[in-house]
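Open the model in your viewer and keep the selection panel at hand. We will go from stop to stop.

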Amino acid sequence: MMQHALALFLLIKAAMSGKDRPPRMLQVARFRYGSGCRTNRSLLSWPESSRGLVSFARLNFSKRLSFMTPKGIGKTFLWFLASLSAFLIPARVLADWEVNMTEGVTAVSRSIYDLHMTIFIICVVIGVLVFGVMFYSILMHRKSRGAKPHPFHESTLVEILWTTIPFLILVGMAIPATKTLIDIYDTSEAEIDIKITGYQWKWQYEYLGEEVSFFSNLQTAPEQIYNVRSKDPNYLLEVDEPLVLPTGKKIRFLVTAADVIHSWWVPAFAVKRDAIPGFINEAWTKIERPGIYRGQCAELCGKDHGFMPIVVDARTPEDYAKWLDEKKEAAAKERELTTKDWTMAELMERGKKTYERVCAACHQVNGEGMPPIFPALKGSKMAIEKDQIKAHIDIVVNGKKGTAMQAFAAQLSEVDLAAVITYERNAWGNNTGDLITPKQILEYKKTGEYKAADTESSDKSPVVSKPTVNEPAINTHQAGL
Amino acid sequence: MSEKDEAPVDLSRRTVIKTGLVAGGMFGFGFAMVPIYNVFCKVTGLNGKTDPNPYQYSAETAEVDTSRKIKVQFVATKNAEMSWDFKPSITEVEVHPGQVGELEFFARNPTGERMIGQAIPSVSPFQATNYLHKVECFCFTTQTLEAGEEKIMPLRIIVDQALPRHITKLTLSYTLFDVTTMGERTLPS
Amino acid sequence: MTAVTDTSSNEKPNEHHDHHGPAKGLMRWVLTTNHKDIGTMYLWFSFIMFLTGGAMAMVIRAELFQPGMQIVDPGFFNQMTTMHGLIMVFGAVMPAFVGLANWMIPLMIGAPDMALPRMNNWSFWILPFAAVMLVSTLFMEGGGPNFGWTFYAPLSTTYAPPSTTFFIFAIHMLGISSIMGAINIIATILNLRAPGMTMMKMPLFVWTWLITAYLLIAVMPVLAGAVTMMLMDIHFGTSFFNAGGGGDPVLFQHIFWFFGHPEVYIMILPSFGIVSAILPTFARKPLFGYTSMVYATASIAFLSFIVWAHHMFTVGIPLVGELFFMYATLLIAVPTGVKVFNWVTTMFRGAMTFETPMLFSIAFVVLFTIGGFSGLMLAIAPADFQYHDTYFVVAHFHYVLVPGAIFAIFAAVYYWLPKWTGHMYDETLGKTHFWMSFIGMNLTFFPMHFIGLAGMPRRIPDYALQFADFNMMASIGGFMFGTTQLLFLFIVIKCIRGGEKAKAESWEGAEGLEWSLPSPTPYHTFTTPPDVK
């Protein structure tokens with residue numbers, strides 16, 4: 001009912017403003033509050049021309065200031081009132097508006113949602129009663145209306161009553177809560193085990209027993225974060241490689257961390273588990289519907305805590321099996337790539353991608369870092385001097401103790417390692433012309449030795465060709481071993 | 001209050017001493033929470049922390065319960081600062097309760113320096129922690145590897161016959177930490 | 001009692017009742033052992049800290065005004081959230097309550113001063129140094145603390161900036177100051193009550209503070225222990241919280257919250273006392289259920305020791321543990337409910353007027369109750385899996401702390417300002433301050449319930465687009481609330497400088513020994529104990 005009232009309200013408002021067509025207003029409103037972290041609804045319906053607060057995140061800065069106009073402020077306030085009233089309306093309507101907890105797509109998430117709503121409604125009822133009495137006396141028992149104080153100040157009976165009744169209400173709340181909790185702590189065997197490891201600031205997923213494992217990084221481009229480009233609809237909630245899970249199967253998550261405490265949270269599953277370095281935590285879920293489900297790290301884990309989202313791509317068991325096979329094939333192909341002869345251009349292209357995905361969070365896209373914690377790579381000794389190549393490989397592969405520099409040996413493939421090192425040695429005017437191949441990395445990983453490419457090619461390394469970020473010059477020499 | 005007869009200064013002094021002792025005691029209690037917590041973890045298996053001492057193998061406990069099989073899963077995590085290769089030879093064994101499960105972990109130090117590592121075990125679900133015994137484990141002490149050195153480290157485990165029936169699968173996780181700066185030692189119990 | 005006003009202080013010497021007034025100049029403040037001077041300094045200190053922490057909140061809200069990074073980098077944002085929390089808790093709220101205790105407890109129980117005046121001077125003068133040390137970390141290499149006010153290990157140990165050592169010392173100093181203040185308050189209340197002032201005749205403010213002081217001496221040392229262990233982990237190679245050395249990061253959370261949960265009650269119990277003094281005054285009838293209020297406060301204090309792990313429902317506690325902490329937490333609602341019902345009944349069938357202290361107190365009851373409701377929801381362990389570490393939690397604790405602690409402190413200041421300065425404050429400005437604060441506060445924190453439920457984690461400098469509108473509202477509300485506090489500063493200064501003369505019993509219907517003294521209170525009061533009937 002309230003929903004209709006709101007629709008009416010929006011219609012009238014739209015008619016009055018004479019600009020936005022009513023249906024679109026509704027549509028926009030639904031998008032804004034309807035998307036949540038929950039599903040990947042069609043985003044094409046986003047009306048490019050919509051105005052005001054609703055779409056302001058997509059507009060550029062000067063346009064955003066439009067909310068400062070009186071009309072904008074009015075809009076803000078009305079939205080606020082609308083949301084306030086939304087707080088008092090039944091669950092069904094709230095779910096559409098996403099000012100509320102998601103119902104999610106698992107049995108557990110639904111029972112948590114029901115619990116949440118039950119207790120919320122109990123609170124509202126108590127609130128109405130208590131505040132009702134209070135506002136009644138504020139209105140009626142004021143001195144200005146000639147009220148005379150009645151100096152009663154004690155009643156054991158009343159005190160006993162308002163101790164016992166709340167206690168009973170609490171018992172009523174605790175019973176369903178206990179039931180749900182027991183469900184959550186179910187330890188029966190799962191069909192699929194996923195190990196989740198939190199890193200500063202990404203997640204690693206391992207499909208135990210399947211030999212499939214990968215890292216999942218934020219994919220939102222820095223240009224969007226720093227307001228150079230407009231923001232995608234899934235701004236900050238997009239990763240390069242989502243966790244793919246089957247529906248209808250019991251999945252067990254083994255959650256741990258490799259540095260500080262993180263917390264793996266997907267609201268649609270109502271799974272939130274702290275990832276604690278050194279220890280392993282367990283949670284489980286059984287997804288009912290295919291879809292894209294988004295979440296975020298929920299425990300402060302340092303600088304980029306806000307930039308390590310979680311995306312789960314739930315598929316039917318058949319699609320999941322297909323994906324798993326493809327994934328294994330791709331991994332085999334990736335291994336093959338290691339032995340391939342790479343050109344400078346190929347490595348630079350791949351290196352740029354890898355760098356921006358993995359390294360740029362600390363060392364920045366422009367290679368200037370954030371000294372003193374995250375040193376600059378641009379012009380740094382290690383990245384430009386020939387005799388430092390081994391040290392450069394070592395720091396990327398093995399990390400540096402006592403600093404934020406992690407060991408990337410396990411996180412990146414040989415190809416990616418070679419590409420990113422090559423990129424760092426040739427980007428931002430570091431034009432060394434050095435080309436590091438996946439084979440050299442593999443060799444380094446095995447023996448701890450770096451062997452320069454044969455003299456012919458390394459001697460003739462084309463310093464003149466000046467590779468740049470945008471147009472890496474092609475090294476004509478294939479750096480074979 | 002009979003104490004009221006005394007001068008307020010003396011009374012105050014007494015209060016200061018009493019409350020000061022309480023404060024000092026609570027400071028001590030903060031530290032006492034460390035062993036209390038450890039005992040609590042041991043009893044409940046909280047955090048899946050296993051017994052840091054070798055399990056005493058004896059004939060009575062060795063009786064094998066062939067009526068059921070338990071899957072034991074092994075996972076290895078490296079702390080972000082740790083650059084060793086570290087993995088189990090097999091990722092899962094199936095054993096009867098009471099039967100010894102054997103496998104190896106492989107470790108290699110790819111760096112150019114001597115390093116000391118410490119593997120921290122953790123069992124999930126933690127209700128099973130106290131039912132997973134380690135007869136032999138590389139986690140009882142630190143492991144030292146010279147530059148480039150590799151090592152095969154045996155692990156022998158027994159699942160207790162008293163493991164609750166509803167648990168059919170356990171995960172034994174090891175997280176490898178770089179403890180070079182702390183030196184070689186055995187894990188405090 | 002002519003209005004010759006010393007602009008540097010809240011009260012002036014009163015020649016009629018006094019053989020000697022305060023010393024002159026700066027040294028008066030450095031060396032003072034007078035409870036009123038020290039109370040004044042505490043209050044000014046806490047107000048400066050309130051503005052400092054508030055400025056940081058403005059930085060936070062400005063960054064969160066819209067999606068994308070605009071003003072600060074994520075690292076500095078974390079320093080802001082951390083310092084905002086630490087400063088508000090340890091610098092603003094706690095010292096403000098100690099200041100009020102210093103001023104009012106001797107006046108309320110008929111004591112000439114605090115029991116340990118020299119220690120009183122010490123416990124105040126530690127504070128500015130601790131605060132300067134804490135704030136100075138922001139300018140050190142690597143920046144200030146950036147691990148949240150809860151400073152979970154190993155983010156605050158292995159991965160912490162070098163300035164953490166100074167942060168630890170600052171916490172130690174703040175802790176020592178609080179413990180000394182608490183001991184002083186206990187000694188005063190237990191030993192210096194006027195003849196006839198039995199325990200069950202004490203005003204509730206005194207009662208709640210007595211209980212708070214016991215909480216302080218019980219838990220501040222535990223915090224000191226926790227930061228000492230951090231210090232040892234960082235510098236002396238121990239492994240209390242380092243899993244690699246056989247320690248456990250979760251242990252830190254247990255120790256921290258063993259301190260932390262009673263700590264949040266430390267920040268609310270004195271407010272209960274304040275409101276229990278103000279509501280009866282302006283309803284012109286006695287507090288309903290005095291005895292039950294005392295017992296309720298004591299039960300809340302007791303329960304606060306056995307609920308700490310409800311902050312840690314997601315770390316992986318055994319089922320039995322979760323159930324225990326859930327039930328214990330739910331139980332807190334019972335005594336808290338009793339208090340709210342008593343306040344409402346106190347107002348019922350009174351003859352109410354709505355001066356500024358009353359407005360703040362009523363807002364306290366309403367908004368604190370809303371915060372209590374969300375607390376009840378958070379107590380439900382399974383639901384907490386969804387709420388934990390989201391903006392819903394931020395909304396919850398700001399609803400209990402801003403109206404709970406800050407509004408109560410405002411109410412107390414307005415209520416006793418005439419007693420301190422001898423002047424009535426400007427009622428119109430006071431009401432303006434109230435309404436601006438009330439609207440600003442709700443506009444800031446109410447939308448946070450929605451974005452929290454919709455899935456926005458706390459302590460993030462940037463957020464997904466669906467949270468944009470509510471964040472902007474919250475920021476607008478935040479700026480409104482923040483700037484309004486400058487008005488409060490103006491009102492207080494104006495009141496110190498002059499205004500309508502306050503009567504001894506500044507409010508019609510005010511009860512208590514403090515109102516038997518002239519306004520402003522003489523520098524020395526109750527040198528001969530009053531008679532309490």
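How many salt bridges are counted between chain A and chain B? The count is two. A salt bridge here is a side-chain nitrogen of Lys or Arg within 4 Å of a carboxyl oxygen of Asp or Glu.

Before going on, some ground rules. This is a predicted model, in which local features need pLDDT of at least 70 and side-chain atom pairs count only at pLDDT 80 or more, while totals for chains, interfaces and linings use all residues. Residues are numbered from 1 along each chain as its sequence is written, chains are lettered from A and ligands numbered from 1 in the order in which they are written, and side-chain values use heavy atoms, with hydrogens and water left out.

**Stop 1: chain A with chain B**

Select Glu189(A) and Lys71(B). Their side chains form a salt bridge, 2.4 Å from N to O. Now show the whole contact (heavy atoms within 4.5 Å). Chain A gives 30 residues to it and chain B gives 34 residues. The two chains bury about 2,600 Å² between them, and 48% of that is on carbon and sulfur atoms. Buried area is the accessible area (1.4 Å probe) that two parts lose on being put together, summed over both.

**Stop 2: chain C with chain A**

Here 109 residues of chain C touch 106 residues of chain A. About 9,200 Å² is buried between these chains, 72% of it on carbon and sulfur atoms. One salt bridge is counted. Select Lys143(A) and Glu508(C) to see a salt bridge, with the closest N and O atoms 2.8 Å apart.

**Stop 3: two helices in chain C**

Select residues 74-109 and 391-421 of chain C, which are helices H3 and H13. Helices (H or I, at least four residues) and strands (E, at least two) are DSSP runs, numbered from the N terminus. The axes of H3(C) and H13(C) come within 11 Å and cross at roughly 35 degrees. Axes are lines fitted to C-alpha atoms, for helices over the stretch in contact, and angles run from 0 to 180 degrees between N-to-C directions. Show side chains next. Among those in the contact are Phe97(C) and Trp103(C) of H3(C), and Ile409(C) and Trp416(C) of H13(C).

**Stop 4: a sheet in chain A**

What is the strand order of the open five-stranded sheet in chain A? The order is S4-S10-S9-S6-S7, with mixed pairing. Two strands pair if DSSP finds at least two bridges between them. At the edges are S4 (243-246) and S7 (271-275) of chain A, each pairing on one side only. Neighbouring strands of this sheet are turned by 25 degrees against each other on average, direction ignored. Select S9 (291-297) and S10 (309-315) of chain A: they run antiparallel, joined by six bridges. Arg294(A) has Val311(A) as its bridge partner in S10(A).

**Stop 5**

Most residues other than glycine have a negative phi, and most peptide bonds are trans. Select Gln200(A) and Trp201(A). The peptide bond between them is cis, with omega near 0 degrees. Trp201(A) lies in the loop between strands S1 (192-199) and S2 (202-207) of chain A. Then find Glu211(A), where phi is positive, near 55 degrees. Glu211(A) is in the loop between S2 and S3 (212-216) of chain A. Finish in chain C: the bond from Ser519(C) to Pro520(C) is cis, with omega near -5 degrees.
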